[in-house]
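I opened this model to look up a few things. My entries follow.

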Amino acid sequence: MYTLDPQQLTAKDNYKFMSGSVVPRPIAFVTTLSQEGIVNAAPFSFFNVVSSDPPLLSISIGRKAGEMKDTARNILSGKELVVHICDESIVSDMNETAAMLEPHESELDRTNLTTVPSTVVAVPGIQEALIRMECTLHQHIPISNDEGAPVSDLMLVRIVQYHFSENVYDPATKYLLMDKLKPVSRLAGNDYAKLGERFTVIRPV
């Protein structure tokens, strides 16, 4: 067993160990709208569920040299976003949106994806995604390192509308069909994972 002190490691090494240990991670494929009306799209794997009452999600958006990414800046200015669950059918296009572009450029121009109007928020969604959730900003928590420099922006966002494809939602049972959704998760480096084998463990009472 190797025992390592994170205080003695570089931020890069801590990232490698965390992203390689906390796996698989769901991917939030997020669209936002700039003040100039540009649709920004980007994937984030520091993402999860926070609460069901109210329905909250968490998305951590790293900064680059202390500067906010377009997604974080757009969420703070517009207070709205759409979170999509990445599935096998859109993973290649999703990956294209990870490119570092200027704020006036839309990452969706690099893809074959199309937008669809939302019903509650002004930010459009991605039509090809099997699940999308319209959200509003609930809380912004800036994260600083030990030197006091801002390094990431933790966004707690509230779901205000669900959109489920007919292929992945059973209205009779109100269950989502994982075999139809085929979600993709993030591992470390350039690696991703499909759903894979599933098994059931009965929770004790």
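**Entry 1: salt bridges**

I searched the whole structure and found six salt bridges. I counted a salt bridge where a side-chain nitrogen of Lys or Arg lies within 4 Å of a carboxyl oxygen of Asp or Glu. The model is predicted, so I kept local features at pLDDT of at least 70 and side-chain atom pairs at pLDDT 80 or more, while totals for chains, interfaces and linings use all residues. Residues are numbered from 1 along each chain as its sequence is written, and side-chain values use heavy atoms, with hydrogens and water left out.

I looked at D153 and R63 to begin with. Their side chains meet in a salt bridge, 2.8 Å from N to O. The pair links distant parts of the chain, 90 residues apart: D153 is in strand β10, and R63 is in the loop between β5 and α2 (70-78).

R63 is at 21%, so R63 counts as partly exposed. The scale is: buried under 20% relative accessible area, exposed over 50%, partly exposed in between, with a 1.4 Å probe and protein chains only.

Next I checked D70 and R73. Their salt bridge has an N to O distance of 2.3 Å. Both residues lie in helix α2, three residues apart, about one turn of the helix. D70 is buried at 14%, and R73 is partly exposed at 35%.

Then I turned to E96 and R110. Their closest N and O atoms are 3.1 Å apart, in a salt bridge. This pair also links distant parts of the chain: E96 sits in helix α3 (residues 91-96), and R110 in the loop between α3 and β7 (115-116), 14 residues away. E96 is partly exposed at 30%. R110 is partly exposed too, at 42%.

**Entry 2: cysteines**

How many disulfides are there? I count zero disulfides, taking a disulfide as a pair of cysteine sulfur atoms within 2.5 Å. C86 is in none, and the nearest cysteine sulfur, that of C135, is 16 Å away.

C86 is buried at 0% relative accessibility. C135 is also buried at 0%.

**Entry 3: strands**

I treated two strands as paired if DSSP finds at least two bridges between them. β1 and β13 (residues 185-186) are joined by two bridges. P26 has S185 in β13 as its bridge partner.

I then followed β10 (residues 150-164). It runs antiparallel to β5 (residues 55-62), with seven bridges between them. L57 has V157 in β10 as its bridge partner. β10 also pairs with β9 (residues 131-144) in the antiparallel sense, over 13 bridges. M133 stands opposite Y162 there. Five residues lie between the strands in the β9 and β10 hairpin, where G148 takes a positive phi near 90°.

**Entry 4: pockets**

I took a pocket, on a 1 Å grid over the protein atoms alone, as an open set of points where a 1.4 Å probe fits, with protein on both sides within 12 Å along at least five of seven lines; lining residues have an atom within 4 Å of a point. The largest pocket holds about 1600 Å³ of space. It is lined by 47 residues, and the closest to its centre are Y15, F46, G62, R63 and V151. Helix α1 (11-21) gives the largest share of this lining, five residues.

The second largest pocket holds about 560 Å³. Its lining has 28 residues, with P26, F47, V49, I85 and L181 nearest the centre. The largest share of that lining, five residues, comes from β4.

Conventions
Helix = DSSP H or I, 4+ residues; strand = E, 2+ residues; numbered from the N terminus. Points joined across faces, edges and corners; volume = space filled by probe spheres on them.
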